[in-house]
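Let's take a look at how this structure is put together. Have the 3D view open and follow along.

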Amino acid sequence: MRGGELIRRKRFNFKEGFFLSLVRTLGFTGAIILIGILFFIAYNGVRVLSWEFITQPPVDAMTKGGIFPVIIGTILLTFICMIVVIPIGVTTAIFLAEYSKRGFLLKTVMMSIYTLAGVPSVVFGLFGLAVFVVAFRFGMSLIAGSLTLAVMVLPYIISTSEEAIKAVPYSFREASLACGATKWQTIRKIVLPTAMPGILTGAILGTAKVSGETAPIMFTAAAFFTPGIPRSLLEPVMALPYHIYVLATAGTHIEETRPIQYGTALTLIILVLLMNLLGIILRMRKRVKRAW
Amino acid sequence: MVEEVRDKNIFEIKDFNVYYGSFLAVKRVNLNVETHKITAIIGPSGCGKSTLLRALNRMNDLIINSWVEGQVLFKGIDIYQKDTDVIELRKRVGMVFQKPNPFPSSVYENVAYGPKIRRIKKKSQLDEIVENALVRADLWKEVKDKLNESGMSLSGGQMQRLCIARSLAQEPEVLLFDEPTSALDPISTANIENLLQELRKTITIVIVTHNMQQAARVSDLTAFMYIGELIEFGNTDTIFVNPQNKLTEEYITGRFG
């Protein structure tokens, strides 16, 4: 009988209640701020969003028309960045996860990666200007911007790839080596294929993140205006984040182009969300397939 | 005379030490593994039995800080010489692990893994190797219609036999089993034990087990290890019925372990 009473008795615990409501409130606040921003941009941007808006170039000193070259510019920058950064990032991750011995070299590399991850994006912009634009003589160009973005996202790609590689069970490697495979065969045939969904997820999420960066492309790739899409890697491009910046700060029609600014911002957000969605789908598929 | 001994003993372990850093895990072990026999290594947890087993195909190389002293002769050749072809050694001395560890690919790909990395590309030849290995591992009847399904969709016992088939596809001369049934149910365990009897007709088997009944059931020779030392080694019947050493007797009668 007494046991039953003990289970039923429900004392209000002030501390528990207080912290639960505090955590709840703060959690909701975070969500509301995020949803608020998204809603605000969607509300203001959706009015100009149309098929013409995303397929036509800007006209009349960019006060009318669409943002087609701007979208293409961002997609090209992101895509080339990925092509450059994935092989370098994954190779580095393989070295760190599989080959490096704890020592001076590993410490130096890790230290550099962590430091690089914390550097503000404008510094990467200046680095890109000094190295790719000036020293390599690429000029303000698609390739210079893509490379700058690649350098910026590299630490992120390395660390996500390294995690994906380290998540491959040790027993797989053991089994492969016991079959008489070499270390490289084990990595190529067992470790990399198993880690690939994780590596790709990291790469997509990382690149989605940099596709919205303004500072790294400001001095290296972004053009105020180009009439069409670039025909070579050495031409400058328009890009969504820089386009928003230009319209909102540098034109003579700042108020007039407000709707286009919001429309461009909304397009950028949709693009990033689509890439994130792709990353999430990849990650979910990996989870379903993972049976170990 | 010497040649005769070597034909009889596929492995000769001589004054063999294994260290992890400064920790001596296997102490001055002398042991011969006879060809086409099943040798069981028993002993309590941490006695060094797995370490000794893994020394036979140099899987301990993977452990940072591990090093050895003494000799392990495989068919008269010291496998711890600098110029040893470890890859070839592991092909000829295969290993099956405690937890079934098929690759996350199809049954077929699992078995064809070894031959494929040895650049056997012809489909007909691969098919033959895969079928042959699965038959030898007593798994063919169960999986012949689902060769393209994931190796991880099989039951625990089937997975372990798949791992055995994967090793057999290399045509090894020796198979090392590291507690191969400790993660399996009794029926799967019995299947594997029967399989061992079948396999010993063609290959030499060394099995580490902490299950004494298993050692008594399947092995021809038994080695008892305790804290890194080989305490007693001999015919399984002798060891279990008439152990010479007091420690062995106490262990097999269940007084510790």
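Keep in mind that this is a predicted model. Start with two helices in chain A: helix 4 (residues 68–99) and helix 7 have axes that come within 6 Å and cross at roughly 35°. That crossing of helix 4 of chain A and helix 7 of chain A is right-handed. Look at what sits where helix 4 meets helix 7 in chain A, and you'll find 23 nonpolar residues, along with five polar and three charged ones.

Now for the inside. The largest nonpolar core has 145 residues, and A:V153, A:A239 and B:A165 are the ones with the most contacts inside it. Who gives the most to this core? That's helix 7 of chain A, residues 142–166, with 15 residues.

Finally, see where the chains meet. Chain A puts 16 residues into the contact and chain B puts in 19 residues. On the chain A side, helix 8 (170–178) and helix 9 (183–211) are the elements that give two or more residues. Helix 8 of chain A has the largest share of that side, six residues.

Here's how the two sets of contact residues divide up:

| Side of chain A that touches chain B | nine residues | five residues | two residues |

Terms used
Residues numbered from 1 in each chain as written. Chains lettered and ligands numbered in written order. Predicted model: local features only at pLDDT ≥ 70, side-chain atom pairs only at ≥ 80, totals over all residues. Core = buried A, V, L, I, M, F, W, Y, C linked by C-beta atoms within 7 Å. Buried ≥ 20, exposed ≤ 12 C-beta atoms within 10 Å, placed from the backbone. Helix = DSSP H or I, 4+ residues; strand = E, 2+ residues; numbered from the N terminus. Contact = placed C-beta atoms within 7 Å. Nonpolar A, V, L, I, M, F, W, Y, C, P; charged D, E, K, R; others polar. Axes fitted to C-alpha atoms, helices over the stretch in contact; angles between N-to-C directions. Left-handed = near helix turned anticlockwise from the far one by under 90°.
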